[in-house]
Each structure stands twice: as structure tokens, then as C-alpha cells.
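Have the sequence and the model side by side. The paragraphs below go through some strands and then a helix.

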Amino acid sequence: MPVVIDEKYAPAYLDKMIMDKGDLVILTKGNIKNYVNKELQMIAPFGCAHHDGICERCAGYGKGRLISYLPLGIHIGIFSAMQIIKRVTQKVLSAKHLIATKSMMYELSGTVLNYMTRHLDKIYFNDKMAKEIDQLSIKIPTDALGPLVDLGFKDVVPTPETFSKISYWYLMKNNDIIDVIQMEQESFTPFIAEPLLNFMHEHYGDLVMDDEGVIVSLKGFDPKKEIFQYTIINSDMISYTSKVASFMGSDIAEYTDLVRVMQDFSSLVFTKSPEVPYFYMEMIVRDFLITSKDDYTIPTVTDPQHVQFDKLSGIISNSTVCQKLAFENLHEYLSLPSTAIQVRPAGLYSPFFGIV
Ligand SMILES: [Zn+2]
């Protein structure tokens, strides 16, 4: 695949392989400066014959080195997406960046203010409460927990935000409830932060659980660690998200040139996170390739200038049988004449539908 490496983003291409006068060359910190700002031929994963993953050679990392970018057997598309999202989010949420952009923060008010303090996106007990931490408990009422989301991904560890949003809780001291703490405010619902979740996990036997909820004794909890966390709403993040959404959600379906898509998608990602390995972006783009409108199998690309993409909604609902079933009315799908002739492999969620 033809690629031009912009000098600014050179680290994103480290370890990838290029062809130089017929020889395979691995890009390293030492040699990459010889290859920036000129057209190169890079080994890309689009020509791989595997449709359910990727081999080391096509990934463009020599033997034994892909493992440093990907754990073996991982769901590669979801993993790549998370690697990109993680880096972009870290950048957008860095303190320096937050000062320079317009951000909506969670403001402590009401009962929370009496006990807690906030730093950036983390919420801690204040100094007074920290001193008494061994006598404190948190009672989490069952009806205060938000709905569970995104727990179905295999091989992907859900983030605390997806299952521990909490609208209110009871503060207990020496086994007596001393206050009700309202957490939900305007557009924010904080969630239980990782240190407390880990603490609950380590002291699972000490949790008191009944129909009304869970009581977590904080005896032994490090009060310097955050109890809750929330997601900062940032104007820059919102505009960036909408750019990515329009690229993946509609624009990409119009492209027929793989080289152009990689240029446009990587420059979009690089604006927020210059060090994301280029390979992860290749893997995301590969997920949007289709063989034809009747066959959503990821193709083995032989001519990068003539390819076909579909937008996110099409990819989600058409790539596999189970996704089709999950997103559309089963009865309508089965009654379509084309159902019997369209090629659709089993997918990640197939076992849930009894398809193996
Ligand atoms: Zn391959």
C-alpha cells in the first residue's frame, strides 16, 4: 500500500514493514527519518486471506513482533478500537487540554459537598471524612444503580462507567445511616471508581448484601484513592466525536480508494493522538471493507484503488448472521428471498443465537 509518513507522526509507524528497492525493511527509531515525507510501499493488513483475524505477515510486523501490539486470540477489531479510543480520551482529558477548552465539570453541591472533594474527574472523601474512614460504610441501594451497558463484548473488560453509575447512596458511620448523598446532577451521574471496585472485590466476603442493596465497609480503604468518578463533558471532545461519527457513520461508504480512506482517517485520529500505532487504524478501516452489497465478508484486497465500504450501521447489521438477527426483526429477515442466498459467516455473538 502506498503511504506517505508525515514526519510529525513518524512514531506511529515504528515496527511496520516497508518495501525498499525490493527489500523488506522494518521501520525503527534509527532508520525512520530516511523514510519520512516520501511515498513508500508499506505492508498492510488489507491483503490478508484470513477473514476472522489477521496473520503476522500481513499485519506488517515481522515474525514474533505482532504480539507486542496485540494479545494472541484477542478480538482484534474491538481491541484496536479501544486502543485508539483510550489514547484519544487521555489526550482530551489531560489537565492542560481541559484548561484550554470549554469543559463541563461536575460541581459538588448539596450533601456531597459536606463529605467529598473533587479533583478533575475524580471524587474523594474530604480530609475530615478521610480521618474517620475506618468507621465509615457506604450503602449502595439497588435502585440507585444505573442500567448495565456494553457487558456483552467477549475479551473486552468493561469499564467501571458501564456498570457502576450511581444516583445516590447512604453514608453510614458505625453501622448507622447518617446521611443520604445525592450524586446525580444535571447531565452527570458519577460511577464507582476503580479503587473502590477493587476494594469491594478484595473484601467480597465482608460485603453485606440484601434486597435493598449492598453495604461496603470502608475499613482499610486508602482515603487518598478516589471513591467515585465521572466523565467530563468537553466541547472539544464533542466536536471530535461528531467528526468521527460522520466519517464512520456515512462518509466512508462513498469511498472506493483504500489509500484515500487511510489518509483521511489517520489524519483525523492524528489530530488528537499523534502516537496511535497506524496498524490499529488499518484494522478499524479493514472492518468497514465489504466484498459487495450482497456479501459483507471482509475481502482480500488485490486492488487498493477499487474497493467498497459500507457505513457503520450497514457493517453492524450485515456482517454476520447473528448481528443481522440482533439488529433486525427476525421474522422480516427470514421472509426475505435474499436471506437464503446471501453469504454471512457466523460471528462473535453467534453462540447467543445457538449458531456455532
Ligand atoms: Zn495474512
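This is a predicted model, in which local features need pLDDT of at least 70 and side-chain atom pairs count only at pLDDT 80 or more, while totals for chains, interfaces and linings use all residues. Residues are numbered from 1 along each chain as its sequence is written.

Helices (H or I, at least four residues) and strands (E, at least two) are DSSP runs, numbered from the N terminus. Two strands pair if DSSP finds at least two bridges between them. An open sheet is formed by four strands in the order E6-E7-E14-E11, with antiparallel pairing. Its edge strands, E6 (116-119) and E11 (191-192), each pair on one side only. E6 is joined to E7 (residues 122-125) by four bridges; Thr-117 has Tyr-124 in E7 as its bridge partner.

Next, look at E8 (residues 136-141), which pairs with E9 (residues 168-173) in the antiparallel sense over four bridges. Here Leu-136 stands opposite Lys-173. E9 also pairs with E10 (residues 176-182), antiparallel and over six bridges, and Tyr-168 stands opposite Gln-182. E9 and E10 form a hairpin with two residues between them, and Asn-174 in the turn has a positive phi of about 45°.

Now turn to helix H8 (residues 258-272). Its buried residues (20 or more other C-beta atoms within 10 Å of their own, with C-beta atoms placed from the backbone) are Leu-258, Val-261, Met-262, Phe-265, Ser-266, Val-269 and Lys-272. They lie on the same side of H8 because they cover an arc of only 115° around the axis, taken from the directions from the helix axis to the C-beta atoms. The face turned away from this buried side carries Arg-260, Ser-267 and Thr-271, which are exposed (12 or fewer such atoms; partly exposed lies in between).
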